[in-house]
Structure formats: structure tokens, C-alpha cells
Amino acid sequence: MLLIADTFVSDAYAATFDRLMTGVASKARMAVKFWRPLNRPELPDLSRFSHMILSGSEASVVDDFPWEQPLAKALRAFIQAKKPVLGICYSHQFIAKELLGKKHVRHSPTPEFGYRRIDFRANPLLAGIREPLVSAVTHFDEVTDLGDEFSVLASTPDCAVQAFQMKDLPVWGVQFHPEYGPGSIEEIFAAEESSYPDFQKRYFDDRKGDPDLAQNQRIFLNFLSVQC
């Protein structure tokens, strides 16, 4: 059974993410439970779940929030049990912050928005992904200076750690958003453009040659196929 930890602050963003993840779980033929620690800090019975996906968020990882405490407990319980974990965007950063400390996350000097080509190396999480890997990106913060216990799997010219794996464990983080495609992320882009003066300067569109964005769903299917 799959546990989805939804860390979005906005109800609308949370609902969109949950809808997309319901589709992913259906394709993987896996039962799913959604847990939103912002509204329900008590931990679910973690023994029921084989995999956990942690969502993105509008929250900044360089800040500390009360709802991060149960999230950290769930993360550490899964790692201790060697169960697969996948963090997306904010949660990619949160994994680094929780396991390595706050000095390994920061406000990015080069935020990214739009659709970026991601350079990547071979890894089970990215198995079957064809070049070019183009994915939605939207982040003000980033992971930096990972230690030897992590392997960097992907990058862009403006973000050195677009994906990582915790060595010898099924624990991954992706800065980009493989769950989003055109039509599902525009609401977030519109909100960021209205609040961030330099949005257009940092907006990228690498969708030249009509890249296959649908293939990014394979990342989730690869993750959910990992055996505990």
C-alpha cells in the first residue's frame, strides 16, 4: 500500500496533486492513502505501507514548521525499515535537511520555473526514460553540497542537484515535478508570476522537438516497483 504525504499548504494545489497521484497509483495497481500532516499531525499506522511519496509545497525548506515533525518521524521510520521513499521538490529538499542538516539546503541563487531539460545518469528510478528528459520545474530553494552518502543523479545548468539517491537505500529525491504536465501546473506558474518580479527572467521552456512529457510517469512506476 502506498502512503502519500501531501505537504502543500494550498487546498487547491493539494487536491490537484492528490488527483494526479491517484492516477499513478491506479496505473501501478496499488492501493493508496493520503496523509496531510498540516491538517492531521498524528502519524498513520506506518506498518501498513510499503512505499511513501512526499509531495512538493509552497513552504520554504529553510523555514521550520510544526507539521515537519511528524513528517520527519515518518521519513525516519521508513528509512529505518529500508522501505522506498520518494520526495518531490520541497520534500526532496526536506529529506536532505532532515538527514544532513539545514546547511545542505538554501534559497537558490537561480530559481527555475517552466519546463527544463534534465541531464541524468542511469539509475533504477530513471530506468526506461529516454533523452531528452524534460520536466516541469518550479522552485525557489535547492539542495546543496550533498555528502558521500548520497549520489547525485540529475542536474540542470542552474541546479546541480535535480535528483539524488541515498546510497545503498531506496530513498530518492527529485527537484523537478514528473507528475505535472501542461494543464496541471499552470495555476502554480500563474501564482508565482504574480508574486515574483523576476519570474519571466527565470522561466524556461525546453520543449523543443515536442519531448515526451508523458514518459515522466515512468519514474513513479519505477519507484513503486521497488521491492522492500
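Which residues have the most contacts inside the largest nonpolar core? In this predicted model, they are I53, L86, F176 and Y180. Let us start there and then visit a few other places in the structure.

## The nonpolar cores

The largest nonpolar core has 43 residues. Helix α1, which covers residues 11-27, gives the most to this core, with seven residues. There is also a second, separate core of 31 residues, and M52, L54, V85 and Y90 are among its members.

Leaving out residues up to four places away in sequence, L86 touches M52, I53, L54, L125, W172, V174, F220 and F223. Two of these names, M52 and L54, belong to the second core, while I53 is one of the residues with the most contacts inside the largest core.

## Helix α5, an enclosed helix

F220 and F223, both touched by L86, bring us to helix α5, which spans residues 217-224. Six of its eight residues are buried, so helix α5 is largely enclosed by the rest of the structure. The buried residues are Q217, I219, F220, N222, F223 and L224.

What do the buried residues of α5 pack against? Their partners are β1 (2-5), α1, β3 (51-54), β4 (85-88) and β9.

## P178, in a loop

P178 sits in the loop between β9 (171-174) and α4. This proline is buried because its relative accessible area is 2%, and the cut-off for buried is under 20%. Setting aside neighbours within four places in sequence, P178 is in contact with S135, N216, Q217, I219 and F220. Of these, Q217, I219 and F220 are buried residues of α5.

How far apart are P178 and E58 in space, C-alpha to C-alpha? The distance is 17 Å, and the two are 120 residues apart in sequence.

## The largest pocket

The elements that give two or more residues to the lining are α3 (90-100), β6 (133-143) and α4 (186-195). Strand β6 gives the most, with four residues.

What kinds of residue make up the lining of the largest pocket? By class, there are nine nonpolar, seven polar and three charged residues.

E68 belongs to helix α2, which runs over residues 68-80. Is E68 buried or exposed? E68 counts as buried because its relative accessibility is 6%. Its side chain is joined to that of Y90 by a polar contact of 2.6 Å. Beyond residues up to four places away in sequence, E68 touches D63, Y90, F94 and K97.

E112 is found in strand β5, residues 105-120. This glutamate counts as buried too, because its relative accessibility is 0%. The side chain of E112 makes a polar contact with the side chain of R116 at 3.0 Å, and another with the side chain of H139 at 2.6 Å. Apart from neighbours within four places in sequence, E112 is in contact with V137, T138, H139, T156, D158, C159, Q162, R202 and F204.

Key
Residues are numbered from 1 along each chain as its sequence is written. This is a predicted model: local features need pLDDT of at least 70, side-chain atom pairs count only at pLDDT 80 or more; totals for chains, interfaces and linings use all residues. Side-chain values use heavy atoms; hydrogens and water are left out. Ala, Val, Leu, Ile, Met, Phe, Trp, Tyr, Cys and Pro count as nonpolar, Asp, Glu, Lys and Arg as charged, and the others, Gly among them, as polar. A nonpolar core is a set of buried Ala, Val, Leu, Ile, Met, Phe, Trp, Tyr and Cys residues joined through side-chain atoms within 4.5 Å. Buried means under 20% relative accessible area, exposed over 50%, partly exposed in between (1.4 Å probe, protein chains only). Contact means heavy atoms within 4.5 Å. A polar contact is a pair of N or O atoms within 3.5 Å; within protein, one must be able to donate a hydrogen and the other to accept it, and residues adjacent in sequence count only if both atoms are side-chain atoms.
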